[in-house]
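Colleague: Before I rely on the labels for this model, I would like to hear what stands behind each of them.
Modeller: Ask about them one at a time.

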Amino acid sequence: MNTSSSSLVGALRDQRVRQRAIQLAVLLGLGALGAWLALNAAHNLQRSGVASGFGFLGDRANFDISFTLIDYSPKDTYARAFTVGLLNTLLVSLSGIVAATVLGFLLGIGRLSRNWLIARGAGAVIETVRNLPLLLQLLFWYTAILAPLPRPKDAISLAGIAFLSNRGLTLPRALPQPGFAWVAAAAATALLAAIAVLVWAARRRRLSGQRFPSGRVATALLVGLPGIALLATGMPLDWDIPQLGAFNFSGGVTLGPELIALWLALTLYTGAFIGETVRAGILSVPHGQIEAARAVGLSRRQALWQVVIPQALRVIIPPMTTQHLTLIKNSSLAVVIGFPDLVAVFAGTALNQTGQAVEIIAITMAVYLSISLPIAWLMNWYNRRVALVQR
């Protein structure tokens, strides 16, 4: 018996050794292939007289960028231009993810509504948007909807403080005054407190079954605390209202038609796919759960948000994560309509001027990977939190 046990242990050990040896050999092979490719690329670049390295990031860019979130001029460096493109990509991606998620839940729930008009309308939106190429939708919003808008002098006025024209949407710009830092600190504190209340209330309901009006309390914190800080500091905030000049608006901040078209296309396209995911998740919850919720006195709305949606999330989250990551990658279509995102600014203009193709493409790929991985990790963490089976 001991001999048999020793033989079995030895066989298992030999199998593990073989597996590890194979894995090590594969890793060494991949490393050698990568090193050969890198050396070959460096040799070809040197033979072609193309400079290599990342020193070009400190050189003067000598090109303008139409939309920036930070100060920028052609006298700035390529590193500054890269930062501008990165911030523009983050703006479109993150705002698109939030808007598409909200829209997707509305469409998914609306498609299951008992109201015939709401259900058919949501279904028509989902089926139409999902079955049209995103590039075609992007061009539709840019050329067919936003381009024919009137010129600035005939702009559509929105309450006299915002204006919509073929130059984009011009909005008032906030001008913080001395003392506004206290308001910002109060807003940050309110956000942290609201998150803490929501987490505590969810844990309390899970452990004891007792409910707490966490939504109303969180809203009161988010509105009340910054409001009190504004009043206490004497409203340290002015507004730069746009004024029509000879050819365009002066003052305020203008969201160009490229940004609006890209945001609308990404939001609607991704929201339609999320809507189908939400519908599938809701339908995966057994109908008996809804009947039980109604039997204990919950309304249809309460049953949906307190019983059905929490159980449906375990089905909704994984494919919704995929849609979020796809939206980030699809934002690179901005180059088609001229919005200065990371690809247009850095992998387009900067690459053409410097010829540093290997370095610029490597940086661009690393950026998209660095944006996608944290979002995927966060969504996977949340998915584990809502899963019925904890691992």
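**Labels and their grounds**

Modeller: In the chain, 68% of the contacts with a separation of 6 or more are between residues 24 or more positions apart; contact means heavy atoms within 4.5 Å. This is a predicted model, in which local features need pLDDT of at least 70, side-chain atom pairs count only at pLDDT 80 or more, and totals for chains, interfaces and linings use all residues. Residues are numbered from 1 along each chain as its sequence is written, and side-chain values use heavy atoms, with hydrogens and water left out.

Colleague: How many helices and strands does the chain have, and how are they counted?
Modeller: There are 12 helices and 8 strands. Both are DSSP runs numbered from the N terminus: H or I over at least four residues for helices, E over at least two for strands. Strand 7, residues 249-250, includes Ser 250.

Colleague: Why is Leu 262 called buried?
Modeller: Its relative accessible area is 2%, and buried means under 20%, exposed over 50%, and partly exposed in between, with a 1.4 Å probe and protein chains only. Leu 262 is therefore buried. This residue sits in helix 7 and touches Val 92, Leu 138, Ser 331, Ala 334, Ile 337 and Phe 339, leaving aside residues up to four places away in sequence. In the chain, buried residues make up 32% of the 391 residues.

Colleague: Why does Ser 250 count as partly exposed?
Modeller: Ser 250 has 42% relative accessibility, so it falls in the in-between class. Not counting residues up to four places away in sequence, Ser 250 touches Ile 241, Pro 242 and Gln 243.

Colleague: What makes a space a pocket, and what volume does the largest pocket have?
Modeller: On a 1 Å grid over the protein atoms alone, a pocket is an open set of points with protein on both sides within 12 Å along at least five of seven lines, whereas in a cavity a 1.4 Å probe fits but cannot get out. The largest pocket has a volume of about 2200 Å³, a volume being the space filled by probe spheres set on the points, joined across faces, edges and corners. Its lining has 44 residues, the closest to its centre being Ala 202, Arg 205, Leu 313, Tyr 382 and Val 386; lining residues have an atom within 4 Å of a point. Helix 9 gives the most to this lining, with 11 residues.

Colleague: How does the lining of the largest pocket divide by class?
Modeller: It has 28 nonpolar, 9 polar and 7 charged residues. Ala, Val, Leu, Ile, Met, Phe, Trp, Tyr, Cys and Pro count as nonpolar, Asp, Glu, Lys and Arg as charged, and the others, Gly among them, as polar.

Colleague: Which helix gives the most to the lining of the second largest pocket?
Modeller: Helix 9 does, with 5 residues. That pocket has a volume of about 450 Å³.
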